[in-house]
Amino acid sequence: MNKAELVLAVSEKTDYPKQDVELIVDEFLGLVEDSILDGEEVKISNFGVFYKKERLPRKGTNPSNGAPIVIPANNTAGFRPSKTLKAKLNK
């Protein structure tokens, strides 16, 4: 499901106009993004936690020529599902 499909599904289930739902989804995603960028966790009960994940530098291989390379440290977003979501996934 992509963002447009999510907006449409929520709009159909709630009878709110698509424009209103899209604004809410955009604001929600923006707040999650801002929080992660600030290093804060976003905890959603019975769903999971979005967080900033720091990756250490590591060794890798250049796929085009097989030469060893060092992949620099970087940050990414992580997600840790709640126990409730894990249980539903593993039924």
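Where does Met1 lie relative to α1? Met1 sits in the segment before α1. This is a predicted model, and the walk through it starts at that end of the chain.

Met1 is exposed, with a relative accessible area of 75%. Exposed here means over 50%, so Met1 falls in that class. Together with Leu6 and Val10, Met1 makes a nonpolar surface patch. The area of that patch is about 290 Å².

Helix α1 covers residues 3–14, which is 12 residues. From its first C-alpha to its last, α1 reaches 16 Å. That is close to the 16 Å expected at 1.5 Å a residue. Look at the start of α1. There, a side-chain oxygen of Asn2 comes to within 3.1 Å of the backbone nitrogen of Ala4. Now look at the other end. Just after α1, Asp15 takes a positive phi of about 65 degrees.

Glu5 is also found in helix α1. Is Glu5 buried, partly exposed or exposed? At 43% relative accessibility, Glu5 counts as partly exposed. Glu5 can be compared in position with Asp20. The two are 15 residues apart in sequence. In space, their C-alpha atoms are 14 Å apart.

Now turn to the charged pairs. How many salt bridges does a search of the whole structure find? The search finds 3.

One of them joins Lys3 to Asp26. The closest N and O atoms of this pair are 2.4 Å apart. Lys3 lies in helix α1, and Asp26 lies in helix α2, residues 18–37. The pair therefore ties together parts that are 23 residues apart in sequence. Both ends of this bridge have some surface. Lys3 is partly exposed, with a relative accessible area of 36%. Asp26 is partly exposed as well, at 34%.

Taken together, Glu41, Lys43 and Arg80 are linked in a network of salt bridges. Their accessibility can be read off one by one. Glu41 is partly exposed, with a relative accessible area of 41%. Arg80 counts as partly exposed at 38%. Lys43 is exposed, with a relative accessible area of 62%.

The last stop is a pair of strands. In which sense do strands β3 and β4 pair? Strand β3 (residues 58–61) and strand β4 (residues 68–71) pair in the antiparallel sense, over 4 bridges. Thr61 stands opposite Pro68 in β4. The two strands form a hairpin with 6 residues between them. In this hairpin, Gly66 takes a positive phi near 80 degrees.

Key. Residues are numbered from 1 along each chain as its sequence is written. This is a predicted model: local features need pLDDT of at least 70, side-chain atom pairs count only at pLDDT 80 or more; totals for chains, interfaces and linings use all residues. Side-chain values use heavy atoms; hydrogens and water are left out. The expected span of a helix is 1.5 Å times one less than its number of residues. A polar contact is a pair of N or O atoms within 3.5 Å; within protein, one must be able to donate a hydrogen and the other to accept it, and residues adjacent in sequence count only if both atoms are side-chain atoms. A salt bridge is a side-chain nitrogen of Lys or Arg within 4 Å of a carboxyl oxygen of Asp or Glu. Buried means under 20% relative accessible area, exposed over 50%, partly exposed in between (1.4 Å probe, protein chains only). Patches are made of residues with over 30% relative accessible area and no salt bridge: like charges are joined within 9 Å, nonpolar side chains (Val, Leu, Ile, Met, Phe, Trp, Tyr) within 5 Å. Accessible areas come from the Shrake-Rupley method with a 1.4 Å probe; for residues, only the protein chains shown count as cover. Two strands pair if DSSP finds at least two bridges between them.
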